[in-house]
Amino acid sequence: MITVFGTGTGAPVPAEVLAGARLVVGGRRHLASAPVPEDAEQVVLGALAPALDVIERYLEKESRVVVLASGDPGFFGIVRVLAERFGSERLDVRAGVSSVAAAFARVGLPWDDAVVVSAHGRKLRTAVNVCRARPKVAVLTGPGAGPAEIGAALKADERVLVVASALGSEEERVERVTPAEAAGRDWGTSVSVVLCLDETRELGAVRTVAGAPAGPDRWALDEGEFSHRDSMITKFEVRALALARLGPRLGDLVWDIGAGSGSVAVECARLGAAVVAVEKTRDGVERIRANAAAHGVDVRAVHGAAPTVLSDLDDPDAVFIGGGGRELPAIVTACARRARRTVVVAMAALDRVPAVREALTGAGFGCDGVLLQSSRLAPLPGDVTRLAATNPVFLLWGSRTPVSDEGVAL
């Protein structure tokens, strides 16, 4: 057996845990403070592969092995690697309090409704997009993905950051800062976790299932569920296929260009994505914000015309373009150059289809599309029903091989 002991947030390692151990593996600070038997070999954890090879040699001799780890070693910790290499049946895991649990405890908040995302050795953009999309997020930090970097990415978002450093030690600090304040400081290397809170939305609702919401019970909502001007809204039939091609999910960033009422933006946010809605009219921006608030999601509404305002935005995973007029081909080109996965374009004018298709293929996307024509049931006098045709819409999409980002725990 391999005993895996989680030190929690500063808990000492009991002598009985290490009694009889022939090999003890852990971080330098763990080994320095633990009562390691004098005749036991010690391996300082750095690169995992050499340490795993040493563990295997001791297991072949049926010698006792102890692995020391921070916090809860089964929570974004070494248990996963050990179980994959040696089998979970050979592990005796003794979990400590995780840094996430400790950080929420320090600020007196429940965390059964929080999303936890690791930025340690992973791409920071996923963590940032989760912070934009959810009101309560814990980010496990790492080199190049600490409070300063998180704060810099979230300067445009209304968030509070709780930075927990050296939890469980005499140097422990728990500080509440704005993203701008976090971005302007040197935090050193002792930060354990950053909590990102949207205090304008409800925190701490009663839950029966932990983690992020499972997702909306329906999508492609009826137009009547959004405020819009003169029926200027993407119809639900078009929205349904657009959502299927966009594939919005937690950790993604989606642009909605020429957002109008923001119906596509709101639907993407309901499915878990962080969303930026670009709209050139002032009343449209306010309408987008009102629709987002009505559906309980966070959509960042940007006033301005594409492609001019796009240079200030982070690169998206997916883009929906529902407006643009004569500038549409240029907008598609600008979006396609920066989209990581897909671009979906809705248009009513047949004349613009060739140029949009050329813009997508010219940016290296595979291109496909359909003409959507639907008829809805409508009442007639005499308790009978007719079919009422909606305006036909061309929907084109370009896609490329997706780039996966790991690190989200629900």
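Let's start with Trp 111, which is partly exposed at a relative accessible area of 31%; buried here means under 20% relative accessible area, exposed over 50%, and partly exposed in between, with a 1.4 Å probe and protein chains only. Before I go on, this is a predicted model, so local features need pLDDT of at least 70, side-chain atom pairs count only at pLDDT 80 or more, and totals for chains, interfaces and linings use all residues. Residues are numbered from 1 along each chain as its sequence is written, and side-chain values use heavy atoms, with hydrogens and water left out.

Back to the tryptophan. Which ring stacks with Trp 111? That's Phe 104: the centres are 6.2 Å apart and the planes are at 5°, so the pair counts as stacked. The rule is that rings of Phe, Tyr and Trp (its six-membered ring) pair if their centres lie within 6.5 Å, with planes under 30 degrees apart called stacked, over 60 edge-to-face, and the rest tilted. Phe 104 itself is buried, at 0% relative accessibility.

In total there are three aromatic pairs in the structure. One of them is Phe 75 with Trp 111, an edge-to-face pair with 6.4 Å from centre to centre and 80° between the planes. That pair bridges distant parts of the chain, 36 residues apart: Phe 75 is in the loop between strand S4 (65–69) and helix H4 (79–86), and Trp 111 is in the loop between helix H5 (99–106) and strand S6 (115–118). For the element names, helices (H or I, at least four residues) and strands (E, at least two) are DSSP runs numbered from the N terminus. Phe 75 is partly exposed, at 25% relative accessibility.

The charged end of Arg 185 sits over the ring of Trp 187, 3.9 Å from its centre, and Arg 245 lies over the face of Trp 397, at 4.6 Å from the ring centre. The test there is NZ of Lys or CZ of Arg within 6 Å of the ring centre and within 35 degrees of the ring normal.

Now some helices. How are H3 and H4 arranged? Helix H3 (residues 48–60) packs with H4 at an angle of about 50°, axes 11 Å apart. H3 and H4 are therefore oblique to each other. On the H3 side the contact involves Leu 48, Leu 52, Asp 53, Ile 55, Glu 56 and Leu 59, and on the H4 side Val 81, Leu 82, Arg 85 and Phe 86. Contact means heavy atoms within 4.5 Å. The axes are lines fitted to C-alpha atoms, for helices over the stretch in contact, and angles run from 0 to 180 degrees between N-to-C directions. Under 35 degrees is roughly parallel, over 145 roughly antiparallel, 65 to 115 roughly perpendicular, and the rest oblique.

Helix H6 (residues 124–133) is mostly covered, with 10 of its 10 residues buried. Pro 135 sits in the loop between H6 and strand S7 (136–140), and Pro 135 is buried too, at 18%. Its C-alpha is 9.2 Å from that of Val 297, 162 residues apart in sequence.

Overall, 48% of the 410 residues count as buried.
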